[in-house]
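This report describes selected features of a protein chain, from its sheet to one of its helices. Please consult the sequence and the structure shown below.

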Amino acid sequence: MLFRQLFDAASSTYSYLLADQGEAVLIDPVKDKLDDYLRLLHELDLKLILAIDTHTHADHITALGDLRSATGCRSGFGTQSGSQCASFTFVDGQALTFGQRQLIAWHTPGHTDDSYCFLLPAAGNETAQLFSGDTLLIRGSGRTDFQNGDARTQWASLQRLLALPGDTVVWPGHDYRGWTRSSIAEEAAHNPRLQVADVEAYAQLMANLKLPNPRLMDIAVPANRACGQD
């Protein structure tokens with residue numbers, strides 16, 4: 001299987017290209033990086049069949065619509081997004097196939113009500129891989145104060161992720177320090193958001209963050225509800 005972690009410095013967003021037997025999927029692609037994706041697909045001789053978002057982003061504009069126009073791929077959001085522009089919507093437990101591999105969609109609400117993670121099950125000598133979107137970050141978790149976010153709901157989602165095998169590799173949707181990967185065991189041991197006693201302590205922690213809104217929120221959210229296209 002081919003794997004690439006791609007980065008948009010303007011929004012500190014990680015996007016992920018996975019491919020098997022020439023069929024590729026892009027997770028959380030950024031509109032401003034469209035030309036880079038198309039070049040990479042061409043150079044690696046890959047057919048993009050799926051472009052999917054972990055949730056309706058507030059900090060960048062998605063490339064889902066542009067990728068569908070350029071490549072003929074199917075574009076997808078979680079069904080909770082209410083998307084009218086995507087080729088399809090996925091639900092919890094749904095398998096998204098590329099080549100001989102599958103990503104399993106896990107509905108993990110809390111950051112937003114339409115937040116998903118994607119699990120690539122272990123195969124051969126590979127450990128399982130979790131593309132955790134904004135639900136679980138390296139030494140952090142996604143904020144819960146807008147887009148129908150809810151800290152108590154997110155706590156339940158995080159407990160679901162923490163039940164995965166400890167060696168499951170965590171690939172986050174963002175990182176603001178340049179850290180690129182982690183594991184379930186590492187986050188369970190060292191993520192300060194996960195060291196609280198219970199759901200109520202987590203809710204209090206998240207309520208006290210008092211973060212400013214993302215700079216592009218008023219532009220990005222409506223744009224992304226249109227798959228990043230006017």
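In what order do the 6 strands of the open sheet stand? In this predicted model, the order is E1-E2-E3-E4-E5-E6, and the pairing is mixed.

## The open sheet

From one strand to the next, the twist averages 25°.

Strands of a sheet pair through backbone hydrogen bonds, in either a parallel or an antiparallel manner. E1 and strand E2 (residues 13-20) run antiparallel and are joined by 7 bridges. Within this pair, Leu2 stands opposite Ala19 in E2.

## The annotated domain

The UniProt record, an unreviewed entry, carries the annotation "domain: Metallo-beta-lactamase" for residues 12-174. Over residues 12-174, the chain is 34% strand and 18% helix. The end C-alpha atoms of this stretch are 6 Å apart.

## Helix H5

Helix H5 spans residues 199-207, and its buried residues are Tyr202, Ala203 and Met206. Viewed down the axis of H5, these buried residues fall within an arc of 100°, and therefore they line one face of the helix. The packing partners of the buried residues of H5 are strand E12 (140-141) and helix H3 (151-162).

Methods:
Residues are numbered from 1 along each chain as its sequence is written. This is a predicted model: local features need pLDDT of at least 70, side-chain atom pairs count only at pLDDT 80 or more; totals for chains, interfaces and linings use all residues. Side-chain values use heavy atoms; hydrogens and water are left out. Buried means under 20% relative accessible area, exposed over 50%, partly exposed in between (1.4 Å probe, protein chains only). Helices (H or I, at least four residues) and strands (E, at least two) are DSSP runs, numbered from the N terminus. The arc is that of the directions from the helix axis to the C-beta atoms. Contact means heavy atoms within 4.5 Å. UniProt positions are given in the numbering used here, feature names are shortened, and annotations may be inferred rather than shown by experiment. Two strands pair if DSSP finds at least two bridges between them. Axes are lines fitted to C-alpha atoms, for helices over the stretch in contact, and angles run from 0 to 180 degrees between N-to-C directions.
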